[in-house]
Amino acid sequence: MTEQRENDMNFEDEKDYIMRIIKELVSVLISLILGKKYVAVEPEIQNKYEVSGKKLGEYYALIDRGEIDAAENRLLEKIDYTSKEEVAAAVLFYRYLSEKEESFLKDHDFSKEEVLDGLHRIARNAGYSEALELIQQ
């Protein structure tokens, strides 16, 4: 096996690992926030979530236009960490972002690692640090 192919495999393994961690963290956080087992959040349910009066769909639209940094900055500036709905919206924001292709994120100066960092920030600031510890074990 060539060195380039081995490097490509390691990169793919790392991306898969990051995606698994993101999915686990989203699942655990949403379950903790909503007080029930997380399976999936339907689009209609997502529409009820907002951060400081701005619907989650508006943040998704910014992401889709490639305005990821602007969307994240607005979200983080406005979020009320004492509101379960707003924290859930932030978690769903990062889940949506994690589902974007690596090339899309790269084209807009973002990465899966930054998605994971954002989820960690949300968890810590909302008082769910224990969830991080469970997942990182």
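Start by selecting E114, which lies in helix α7. This is a predicted model, so colour the chain by pLDDT before going further. The mean pLDDT of the protein is 83, and 78% of the residues reach 70 or more. Now select residues 5–9, where the pLDDT is below 50. Beyond near neighbours in sequence, residues 5–9 have two contacts in the model.

Which helix gives the patch its largest share? Helix α7, residues 112–125, supplies three residues.

Next, select K100 and D64. Their side chains form a salt bridge, with N to O at 2.6 Å. Where does each partner sit? K100 is in the loop between α5 (84–98) and α6 (102–107), while D64 belongs to helix α3, residues 56–64. The two are 36 residues apart, and the pair links distant parts of the chain. In the whole model, the salt bridges number six.

Last stop: F104, in helix α6. Which residues does F104 touch, once neighbours within four places in sequence are left aside? Show I63, D64, G66 and I68: each is in contact with F104. Finish with a distance from F104 to I63. C-alpha to C-alpha, the two are 10.0 Å apart in space, and in sequence they are 41 residues apart.

Notes: Residues numbered from 1 in each chain as written. Predicted model: local features only at pLDDT ≥ 70, side-chain atom pairs only at ≥ 80, totals over all residues. Heavy atoms only, no water. pLDDT = per-residue confidence, 0-100. Contact = heavy atoms within 4.5 Å. Helix = DSSP H or I, 4+ residues; strand = E, 2+ residues; numbered from the N terminus. Salt bridge = Lys/Arg side-chain N within 4 Å of Asp/Glu carboxyl O.
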